Amino acid sequence: MASSFFSDFGLMWYLEELKKNEFRKFKELLKQEPLQLGLKQIPWADVKKATREDLAKLLMKHYDEQQAWNMTFSIFHKINREDLCEKAKREITGYTKMYRAYIKEKFNNMWSREFVTRIYEYFEKELTQKERGYLQFLFVPKEIRGRTVILRGIQGIGKTTFLVKLMLAWAEDTLYQEQFSYVFYFCCREVKQLTTTSLAELMSTGWSDSPAPIAEITSQPEKLLFIIDGFEELNYDLNEPESDLCSDWMEQRPVRIVLSSLLRRKMLPESSLLIAAVPVYPQVIEERLESPEIKILMGFNESERKLYFCCMFQDTSRALEAFGFVRENEQLFCMCQIPILCWVVCTCLKQEMEKGEDLALTCQRTTSIFISFVLNLFTPKGSSCPDEQSQGQLKGLCSLAAEGMWTDTFVFSEEDLRRNGLVDSDIPTLLNVKALQKCRNTENSFAFLHVCVQEFCAAMFYFIKSHIDHPNPAVGGAEALLFTYLKKVKVHWIYLGCFMFGLLNEREQQKLDAFFGSHLCQEEIQQKFQQHLQSIGESEHLRGQVDFLALCYCLFELQNEAFVRWAVDLFQDINFSITDKSDLVVFAYCLKHCSGLRKVWFSVQNVFKEENADTAILANCGLSADDCEGFTCVLKNSTKLKLLNMSYNYLDKGLPVLCEALRHPACTLEALVLGCCYLSEHCWGNIYEVLLCNKSLVHLDLSANVLKYEDLKLLCEALKQPSCHLRSLCVLNCFITPNGCRDLASVLTENPNFRSLQIGRNDIEDVGVKLLCEALTQPNCHLENLGLGECKLTSACCEDLASALTSSKTLRRLNLTGNALDHGGILVLCEALRHPECRLQFLG
């Protein structure tokens, strides 16, 4: 039994639960109970006058912890307070242990069972330093409770895999140990299959046959985190009237109402929410959530993409050749940001290189990659052409894909497969070649490897069959597909139109002919597309409905200069937005072939870095060391840039270049945030020089980097120099030890300008705080803000903190959240806060 629980404070808490007459009976029974257990009695005079707090101390003084609690449980039974016994035992053994064991088993199975995680087989299922830092900052302790975080990321970027790793880390007690007692994961694809449910039922499914523990779990709602994965699957807009929502987590209601009540904080409003979704959900939803914080999951950065290529190819020279080819192709490079598509690209390039093909000819465009990938799946190894069975299986798969795209279906039953010509004996083959994968936790349901693979197979369907022959009448014709795609009315149609045009390319037609035979419909489709584009060009109303940039992507895949020139010249006046480099590439390609354009209106967002803004937030943007070179000019020449946040980027090797610019006399930057930038030993000397030379820098955040003692000592030496103008330092989670606090304490007394020190999430313990408090009592210390959250402090340091509070003339804010301070320690601090010399205004 945990010693932290068996304390006089824990006993006092349960004695406080007794009514006045029950407490009197408890004392009376305490006369004889020790004798029955073979223990010495506590003097009755002491027991008779004792308060609840005094009695708890007496029990702990006269008996060991186990004996004290056994006696307490026995008396609770005799006064008919078995409920307190049960509650105490649950607190001791806890449902948490049982729940953590269930989560470990469930998510370990999920990791090992699903093919998608094989994409990560070169990476550990344990959280990386980057992922851990990212997750810690998602729910970094703040004054507000009940946080709502929306984790946005395009499909396949790795949101579910990321959340699986989160769940395993929490279950293994290495993440959110102090913040969340329970973390619940709801998969929207599974939840939407329910009709009615209750939140209690959702929480207990799989690990508890009874909702009994839920009452205990929900007694501390601020310690709960609910993860909603795949929110877009629900197709909810959260617009139910307030009167329809419910606050009772035990009440059976339609699943839509239950989830809306949780997300709109009618139910358990103090809990935290993490909602994972693709960016296409209606933006109005954010207005219906309470102060949502939007975070973006970026997928593989450049160095991770390069590492993945090296692992996939094994032959380093071939890996670097393939990666170099992709790095020069903006669309393919962007695609490789998505882990599962990075695997697709690697697989395709590897196969083409083994055949001796020229990648520049066979894999130049997105369509080229997918046609090679899919056709290779159905071509037996060592053979140049497929057998009749493989052709039939791919035709059935294409029919299934087309039905799914038109009906917004991405999970298919065995009946769906049969309707599209796939028999039960085909399923093992389709799973084996990775064309389909089994859906987790759902029997006999299947999905394509990624929606892009489904889109490609759907596009191929139109070259194999007529939509009239499809068993589902919802499947439209090629003209309807084109117009629907260009209008952007179906949010899941990302590449479908592009693939249709790409398959009209002469080289791709040859590949299709070789696989299926020459009886395909390319000429008919191209003629239909040409006629439909002509009708759009002749109608101002239709032109107004078309997304011109979507058409540019289609024409870029086609790579037919004559057709491109003809199609673009149908438009004289266009208006669109460019949001990434791929947009620039395809628009530039079409622009150079046009002659009829008269007016172009366009905006460019998130492509070029502004130099005239006072704040640049570039956290988790996939920046590398090479990108630091680009900022040197901005730092040297911009007088307006005051805050630069480059957190969660791999900047280690690029930091010397960045620091050189920061030392430039013309640099006027005031705040620099380098949290979780993977800084190594060689970086700290450069930062030392910046602190001595830069006259404008007043705030520096180095959180979530490994700061060894000798490196911290070097920084403190700089901070003590008269030429250092820094006023605020944030070093959260930097592995600082009590020994490092000696150097930080010397900064507090020797730097008269220093005002704020955030040192939370470091194990500085009571010894380290004592050194800092000694500095705070000195008259030459002018610190105003001190953060000591989650520093493994105990009540033993409260006397030192109290001394600092009553001695410091400047300290206004102190954060002690996440430390195990007991009742006695709190009393000491409260006494100091009441002291007339205490100037503190905020205590967290």
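Let me start with classes: Ala, Val, Leu, Ile, Met, Phe, Trp, Tyr, Cys and Pro count as nonpolar, Asp, Glu, Lys and Arg as charged, and the others, Gly among them, as polar. Now the ground rules. This is a predicted model, where local features need pLDDT of at least 70, side-chain atom pairs count only at pLDDT 80 or more, and totals for chains, interfaces and linings use all residues. Residues are numbered from 1 along each chain as its sequence is written, and side-chain values use heavy atoms, leaving out hydrogens and water.

On to a cavity lining. The second largest cavity is lined by Cys659, Leu662, Leu672, Leu674, Ile687, Val690, Leu691, Leu697 and Leu700 (lining residues have an atom within 4 Å of a point on a 1 Å grid, where a 1.4 Å probe fits but cannot get out). By class, that lining has 9 nonpolar, no polar and no charged residues.

Next, rings. The structure holds 29 aromatic pairs (Phe, Tyr or six-membered Trp rings with centres within 6.5 Å; planes under 30 degrees apart are stacked, over 60 edge-to-face, the rest tilted). Take Phe456 and Phe499. They pair edge-to-face, 5.3 Å centre to centre, with 90 degrees between the planes. Phe456 lies in helix α25 (residues 451–464) and Phe499 in helix α27 (residues 496–502), so the pair ties together parts 43 residues apart in sequence. Helices here are DSSP runs (H or I, at least four residues), numbered from the N terminus. Buried or exposed, Phe456? Buried, at 0% relative accessible area. Phe499 is buried too, at 0%. Buried means under 20%, exposed over 50%, partly exposed in between (1.4 Å probe, protein chains only).

Methods
1 Å grid on protein atoms, 1.4 Å probe; cavity = no way out; pocket = protein on both sides within 12 Å on 5 of 7 lines; lining within 4 Å. Helix = DSSP H or I, 4+ residues; strand = E, 2+ residues; numbered from the N terminus.
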